[in-house]
Amino acid sequence: MKLTAILFIIGWSLQATAQTLIPFDSRQWTIEAEQSRVEDFQGKKALFLKKGMAYAKEAQLQDGIIEFDIAFPQERGFTGVTFRMQDTKNYEEFYLRPHQSGNPDANQYTPVYESISSWQLYHGEGYGVPVKYRFNQWFHVKLVISGSRGEVFIDDMSKAVLSIPVLKRTVKTGMLGIYANGNVGSYFANFTYTPQSNPVLTSNVKPEAPTPPHTIAEWQVSSPFAGNKLDKIYRLTHAQKDNLTWQKLTAETTGTANLAAISTFDNEHNTVFAKVIITADNEQIKKLYLGFSDKATVYLNDQILYSGHDEFLSRDYRFLGTIGYFDEVFLPLKKGRNELWISVSETFGGWGLKAKMEDWEGIKIEK
């Protein structure tokens with residue numbers, strides 16, 4: 001091999017693993033926030049952010065390491081890092097909840113699609129972990145991103161506190177950013193990133209559990225529309241069903257179909273239909289286990305069977321609106337072809353649906 005080629009490979013390797021510091025007074029940062037300023041805080045040059053985001057377009061990373069120092073008060077807030085950003089509406093994120101220090105939801109990994117943060121769909125093991133924070137003083141955060149997996153270190157860099165088995169968005173190079181939302185701001189310092197190809201994860205990432213039996217694994221999802229068009233509609237007609245376009249959406253291993261992955265949400269377009277065709281060998285009744293976020297209405301062969309609400313705080317002042325198999329619907333199937341339509345409306349926090357049958361005896365889903 002020629003010397004120039006060897007030098008090029010060595011240079012590329014060094015560049016691919018070099019740690020890059022982005023000073024907060026650098027023009028690399030684009031800041032969109034209610035409040036922001038660069039100042040000294042507890043001995044470090046820091047960026048103070050409140051109700052907004054800072055992102056660096058030139059900081060491109062697919063796999064590698066992201067590190068920063070952070071400080072915040074013990075107040076309700078949501079502050080963290082965004083990565084693999086395709087734009088300011090589509091990215092992966094990990095954030096800390098100061099007001100939940102020590103609780104199972106002290107922090108959160110979630111994908112974001114078209115500005116919809118889907119934390120209600122991704123909760124529990126693999127998405128958040130109890131951590132007690134130190135307030136109004138610096139501590140360190142490190143993320144290691146490797147393909148579709150990741151891990152997070154908080155304060156103690158010797159052991160990952162959170163192992164993320166599956167990063168939900170498509171693996172793509174993207175920008176990096178930080179943000180702070182809530183009524184109080186946060187300080188950030190020493191933001192660095194280190195591109196690496198397939199960095200080694202130090203923790204044993206537990207794989208996601210197999211897909212639950214009898215899960216509906218694929219849906220046809222309509223174009224979004226205004227959910228109030230279904231008010232007092234107890235039987236679907238051409239007025240509700242015509243002029244829709246459809247896309248296929250495959251559910252994740254957990255059975256959850258993240259509707260935001262293919263649907264654009266706004267106040268005028270907050271609802272979609274998800275439908276499947278069920279073929280029955282004979283007339284029968286089958287139980288459907290149902291989970292959704294935030295509101296759902298079930299129609300079978302155009303007739304309404306069920307409507308439910310699982311929004312944030314809808315059940316009591318502690319209910320987070322997280323998705324789960326909390327509801328059951330009995331489907332009176334006729335012999336032959338049956339159309340199951342479920343409207344799902346979003347408010348905030350995640351737009352999703354999951355469903356499974358009690359069994360497949362005498363029925364099948366039409367492909």
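Reader: Which residues lie nearest the centre of the second largest pocket?
Author: This is a predicted model numbered from 1 along each chain as its sequence is written, with local features needing pLDDT of at least 70, side-chain atom pairs pLDDT 80 or more, and totals for chains, interfaces and linings using all residues. Side-chain values use heavy atoms, with hydrogens and water left out. A pocket here is an open set of points on a 1 Å grid over the protein atoms alone where a 1.4 Å probe fits, with protein on both sides within 12 Å along at least five of seven lines, and lining residues have an atom within 4 Å of a point. The second largest pocket is lined by 27 residues, and nearest its centre are His123, Glu125, Gly126, Tyr127 and Glu208.

Reader: What about the largest pocket: which residues are closest to its centre?
Author: The largest pocket has a volume of about 770 Å³ (the space filled by probe spheres set on grid points joined across faces, edges and corners). It has 32 lining residues, and the closest to its centre are Phe78, Tyr95, Arg97, Ser117 and Trp119.

Reader: Which strands each supply at least two residues of the lining of the largest pocket?
Author: Strands are DSSP runs of E, at least two residues, numbered from the N terminus. On that basis, the ones giving at least two lining residues each to the largest pocket are β3 (44–61), β6 (90–96), β7 (107–113) and β12 (174–182).

Reader: Which ring does the charged end of arginine 97 sit over?
Author: A charge sits over a ring if NZ of Lys or CZ of Arg is within 6 Å of the ring centre and within 35 degrees of the ring normal. Lysine 356 does this at 5.6 Å from the ring centre of tyrosine 289. Arginine 97 does it too, with its charged end 5.8 Å from the centre of the ring of tryptophan 119.

Reader: How many aromatic pairs are there?
Author: Rings of Phe, Tyr and Trp (its six-membered ring) pair if their centres lie within 6.5 Å, with planes under 30 degrees apart called stacked, over 60 edge-to-face and the rest tilted. Phe24, Trp29, Phe68, Phe188 and Phe191 form one aromatic cluster. By this rule, the number of aromatic pairs is 23.

Reader: How far apart in sequence are the parts that phenylalanine 273 and tryptophan 341 tie together?
Author: These two make an edge-to-face aromatic pair, 5.0 Å centre to centre with 70° between the planes. Phenylalanine 273 lies in strand β17 (residues 271–280) and tryptophan 341 in strand β22 (residues 336–345), so the pair ties together parts whose separation in sequence is 68 residues.

Reader: Is phenylalanine 273 buried or exposed?
Author: Buried means under 20% relative accessible area, exposed over 50% and partly exposed in between (1.4 Å probe, protein chains only). Phenylalanine 273 has a relative accessibility of 0%, so it counts as buried.

Reader: And what is the relative accessibility of arginine 27?
Author: Arginine 27 lies in the loop between β1 (20–21) and β2 (29–41). Its C-alpha is 8.8 Å from that of alanine 56, 29 residues apart along the chain. Arginine 27 counts as exposed because its relative accessibility is 84%.

Reader: How far apart in space are glutamine 62 and glycine 174, C-alpha to C-alpha?
Author: Glutamine 62 lies in the loop between β3 and β4 (64–71). With a relative accessible area of 32%, glutamine 62 is partly exposed. Glutamine 62 and glycine 174 are 112 residues apart in sequence, yet their C-alpha to C-alpha distance is 6.3 Å.

Note on methods: Helices (H or I, at least four residues) and strands (E, at least two) are DSSP runs, numbered from the N terminus.
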